[in-house]
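Here are my notes on the model you sent over. Keep the structure open and click along as you read.

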Amino acid sequence: MEDLREDEFEIITVTDEETGEDIDFAIIDSITFGGNEYVLVVEAEFIDDEESEAAILKKEIRNGEEFYGLVEDDTEFDAVADLFSAEGEEYDIEK
């Protein structure tokens, strides 16, 4: 990721369930798979760091509220990670 600027990406805020801390993520890619939307994100503060690790989040709706959460199922995660990789980009994806 060369010379990327945080303002070039959509930023989402996710609350860490363990710490309660809000973390800003930059969406660097997205796909739809099995009727669900998945986003590939990097912590916004590390968007210019070529060594930063990406994470896959799944868009979910609970009680009418939209939020993003980690993909818990290994099979689902692997399938989605393969789809992101198949797009021709080299992503270092963290589970």
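1. Which side chain does the side chain of lysine 58 make a polar contact with? The partner is the side chain of glutamate 76, at 3.0 Å. A polar contact here is a pair of N or O atoms within 3.5 Å; within protein, one must be able to donate a hydrogen and the other to accept it, and residues adjacent in sequence count only if both atoms are side-chain atoms.

2. Before going on, a word on what you're looking at. This is a predicted model, where local features need pLDDT of at least 70 and side-chain atom pairs count only at pLDDT 80 or more, while totals for chains, interfaces and linings use all residues. Residues are numbered from 1 along each chain as its sequence is written, and side-chain values use heavy atoms, with hydrogens and water left out.

3. Back to lysine 58, which sits in strand 4. Strands (E, at least two residues) and helices (H or I, at least four) are DSSP runs, numbered from the N terminus. Lysine 58 counts as buried because its relative accessibility is 16%; buried means under 20% relative accessible area, exposed over 50%, and partly exposed in between (1.4 Å probe, protein chains only). Leaving aside residues up to four places away in sequence, lysine 58 touches Tyr38, Phe67 and Glu76, among others. Contact means heavy atoms within 4.5 Å.

4. Tyrosine 38 is worth a click too. Again not counting residues up to four places away in sequence, Tyr38 touches residues including Ile56, Lys58, Glu76, Val80 and Phe84. Tyr38 is also one of the residues with the most contacts inside the largest nonpolar core, which has 15 residues. Such a core is a set of buried Ala, Val, Leu, Ile, Met, Phe, Trp, Tyr and Cys residues joined through side-chain atoms within 4.5 Å. Strand 2, strand 3, strand 4 and helix 1 (74–86) each give two or more residues to this core, and helix 1 gives the most, with 4. A second, separate core has 10 residues, including Phe25 and Val41. In soluble globular proteins, nonpolar side chains tend to be buried together.

5. Now look at helix 1, where you'll find phenylalanine 77. Phenylalanine 77 counts as buried because its relative accessibility is 6%. Phenylalanine 77 and leucine 57 are 20 residues apart in sequence, yet 9.4 Å apart in space, C-alpha to C-alpha.

6. Leucine 57 leads us to the largest pocket, as Leu57 is among the lining residues closest to its centre, along with Val14, Phe25, Gly69 and Leu70. In all, 28 residues line this pocket, and strand 4 gives the most, with 6.

7. Two loops to finish. Serine 52 is in the loop between strand 3 and strand 4, and serine 52 counts as buried because its relative accessibility is 12%. The side chain of serine 52 reaches the backbone oxygen of aspartate 49 at 2.9 Å, and a polar atom of that side chain lies 3.4 Å from the backbone oxygen of phenylalanine 46. Asparagine 63, in the loop between strand 4 and strand 5, is exposed, with a relative accessible area of 82%. Its phi is near 50°, a positive value in a residue other than glycine.

Conventions: 1 Å grid on protein atoms, 1.4 Å probe; cavity = no way out; pocket = protein on both sides within 12 Å on 5 of 7 lines; lining within 4 Å.
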